[in-house]
Amino acid sequence: MLEQTLQQVRIARCAEMVGGAQKVLEMSADHTKERIVFDRPLGSFPVIQHYIASMVMDIDGSRFLTYEAAWRFSEGMSCGKEIAMAKAWTSEAYRRVTALGHQIYGGIGFTVESDMHLYYRRAKAWEVTLGDGNYEREALAKELGM
């Protein structure tokens, strides 16, 4: 019963991280449209567009893995492998997304006027909560019979 509860908590944490990453993406995208640099919107620069694209890819991958793990758990199917993949990928992706958000925001992202620093701190803390990427990779390898 304890193992089931821990699996449920890890899936819920992944869902929280997907939501946090989505919010960081929305904040960053809005900022790139509003912030004018060198008489152009910040979002018109290719590097910023690539940052946003990378954020979307990380979030969509995280969302897919989390949904797969949650669906398998809800159906009573074996889901240790899926949970390990979701937790490893999502926690690292959330940290990457918030780091890119900080790159987009620049110094203002660390000030009280922006919530970006709150999401970054959560991402760093949640990355190691209930098992970091290495722990999850070991769990995945164990699920694969290695």
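Among contacts in the protein chain between residues at least 6 apart in sequence, what percentage join residues at least 24 apart? The share is 72%, where contact means heavy atoms within 4.5 Å.

This is a predicted model, in which local features need pLDDT of at least 70, side-chain atom pairs count only at pLDDT 80 or more, and totals for chains, interfaces and linings use all residues. Residues are numbered from 1 along each chain as its sequence is written, and side-chain values use heavy atoms, with hydrogens and water left out.

**Overall layout**

The protein chain holds 5 helices and 2 strands. Helices (H or I, at least four residues) and strands (E, at least two) are DSSP runs, numbered from the N terminus. Read from that end, the order of elements is α-β-β-α-α-α-α. Along the principal axes, the C-alpha atoms of the chain fill a box of roughly 60 × 25 × 25 Å. Of its 146 residues, 42% count as buried; buried means under 20% relative accessible area, exposed over 50%, and partly exposed in between (1.4 Å probe, protein chains only).

Helix H3 has 26 residues and reaches 37 Å from its first C-alpha to its last, close to the 38 Å expected at 1.5 Å a residue. That expected span is 1.5 Å times one less than the number of residues. H3 is mostly covered, with 19 of its 26 residues buried. After H3 comes glycine 106, which has a positive phi near 70 degrees.

The axes of H1 (residues 2-34) and H3 (residues 80-105) come within 9 Å and cross at roughly 25 degrees. Axes are lines fitted to C-alpha atoms, for helices over the stretch in contact, and angles run from 0 to 180 degrees between N-to-C directions. H1 and H3 are therefore roughly parallel to each other, the class for angles under 35 degrees. The residues of the contact of H1 with H3 divide into 14 nonpolar, 10 polar and 2 charged. Here Ala, Val, Leu, Ile, Met, Phe, Trp, Tyr, Cys and Pro count as nonpolar, Asp, Glu, Lys and Arg as charged, and the others, Gly among them, as polar.

**Two residues**

| Residue | Relative accessibility | Class |
|---|---|---|
| Histidine 102 | 7% | buried |
| Valine 128 | 52% | exposed |

Histidine 102 is found in helix H3. Leaving aside neighbours within four places in sequence, histidine 102 is in contact with Gly109, Phe110, Met116, His117 and Tyr120. Valine 128 belongs to helix H4 (residues 116-128). Its C-alpha atom is separated by 9.6 Å from that of alanine 88, 40 residues apart along the chain.

Terms used
Angles under 35 degrees count as roughly parallel, over 145 as roughly antiparallel, 65 to 115 as roughly perpendicular and the rest as oblique.
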